[in-house]
Amino acid sequence: MSKRSDNIAALRAQGCNCCQVVLRSFEDQVDVSREELMRFGAAFGGGMGSMQATCGALCAAQMLLGLKIYEGSRINPDARAMLEAFREKCGAVTCREIKGIDTGKPLIEDCKDCIRNAIELLIEKGYYSE
């Protein structure tokens with residue numbers, strides 16, 4: 001497990017949503033201020049606007065992917081691979097499915113697991129370093 005995952009609880013305690021936690025976990029590796037990262041991720045908590053849509057942690061991973069490889073690259077194959085790897089780890093990509101809103105059977109124990117998985121994928125796939 002990455003040491004970047006060690007700050008999840010502290011960032012959540014500061015009021016960060018899932019997206020903001022993932023973004024802030026790599027703030028030392030991007031050329032974007034902490035305030036901008038917080039603003040970028042503000043509307044992605046609870047599955048984009050609290051609508052239980054795409055998981056905020058996955059949205060953040062995709063944003064960070066774009067910050068890393070956008071220039072001069074075609075990003076869609078990498079973005080698709082990130083989404084599929086996240087689905088494999090979490091069982092789904094929407095907050096609604098992951099939390100088991102309709103079924104009453106969550107696919108993960110806690111949102112921290114989705115955050116941790118997004119952080120780990122960014123490192124495992126070599127986009128960001130430990």
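Helix 5 and helix 7 lie oblique to each other, because an angle counts as oblique when it falls in none of the parallel, antiparallel or perpendicular ranges. This is a predicted model. The axes of the two helices cross at roughly 135 degrees and come within 10 Å. Helix 5 makes a right-handed crossing as it passes helix 7. On the helix 5 side, the contact is made by Met82, Ala85, Phe86, Lys89 and Cys90. Helix 7 brings Cys114, Asn117, Ala118, Leu121, Leu122 and Glu124 to that contact.

Now take helix 7 by itself. It covers residues 111-124, which is 14 residues. From first C-alpha to last, helix 7 reaches 20 Å, close to the 20 Å expected at 1.5 Å a residue. Asp110 caps its N-terminal end. A side-chain oxygen of Asp110 lies 2.8 Å from the backbone nitrogen of Lys112. After the helix comes Gly126. The phi of Gly126 is positive, near 80 degrees.

Which residues of helix 7 are buried? They are Cys114, Ile115, Asn117, Ala118, Ile119, Glu120, Leu121, Leu122 and Ile123. The cover over these buried residues includes helix 1 (8-13), helix 2 (18-25) and helix 4 (56-69). Helix 5 (76-90) and helix 6 (95-99) are also among the covering elements.

Helix 5 has another partner to follow, helix 4. The axes of helix 4 and helix 5 come within 10 Å and cross at roughly 150 degrees. That angle makes helix 4 roughly antiparallel to helix 5, because the cut-off for roughly antiparallel is over 145. Helix 4 passes helix 5 in a crossing that is right-handed. From helix 4, Leu58, Ala61, Gln62, Leu65 and Ile69 take part in the meeting. Their counterparts in helix 5 are Asp78, Ala79, Met82, Leu83 and Phe86.

Finally, turn to Arg4, in the segment before helix 1. Is Arg4 buried or exposed? Arg4 is buried, because its relative accessible area is 10% and the cut-off is under 20%. Its side chain reaches the backbone oxygen of Ser129 at 2.9 Å. A polar atom of that side chain also lies 3.2 Å from the backbone oxygen of Glu130. Leaving aside residues up to four places away in sequence, Arg4 touches Ser25, Phe26, Asp28, Gln29, Ile119, Ile123, Ser129 and Glu130. Two of these lead back to helix 7: Ile119 and Ile123 are among its buried residues.

Technical notes:
Residues are numbered from 1 along each chain as its sequence is written. This is a predicted model: local features need pLDDT of at least 70, side-chain atom pairs count only at pLDDT 80 or more; totals for chains, interfaces and linings use all residues. Side-chain values use heavy atoms; hydrogens and water are left out. Helices (H or I, at least four residues) and strands (E, at least two) are DSSP runs, numbered from the N terminus. The expected span of a helix is 1.5 Å times one less than its number of residues. Buried means under 20% relative accessible area, exposed over 50%, partly exposed in between (1.4 Å probe, protein chains only). Contact means heavy atoms within 4.5 Å. A polar contact is a pair of N or O atoms within 3.5 Å; within protein, one must be able to donate a hydrogen and the other to accept it, and residues adjacent in sequence count only if both atoms are side-chain atoms. Axes are lines fitted to C-alpha atoms, for helices over the stretch in contact, and angles run from 0 to 180 degrees between N-to-C directions. Angles under 35 degrees count as roughly parallel, over 145 as roughly antiparallel, 65 to 115 as roughly perpendicular and the rest as oblique. A crossing is left-handed if the near helix is turned anticlockwise from the far one by less than a right angle, and right-handed if clockwise.
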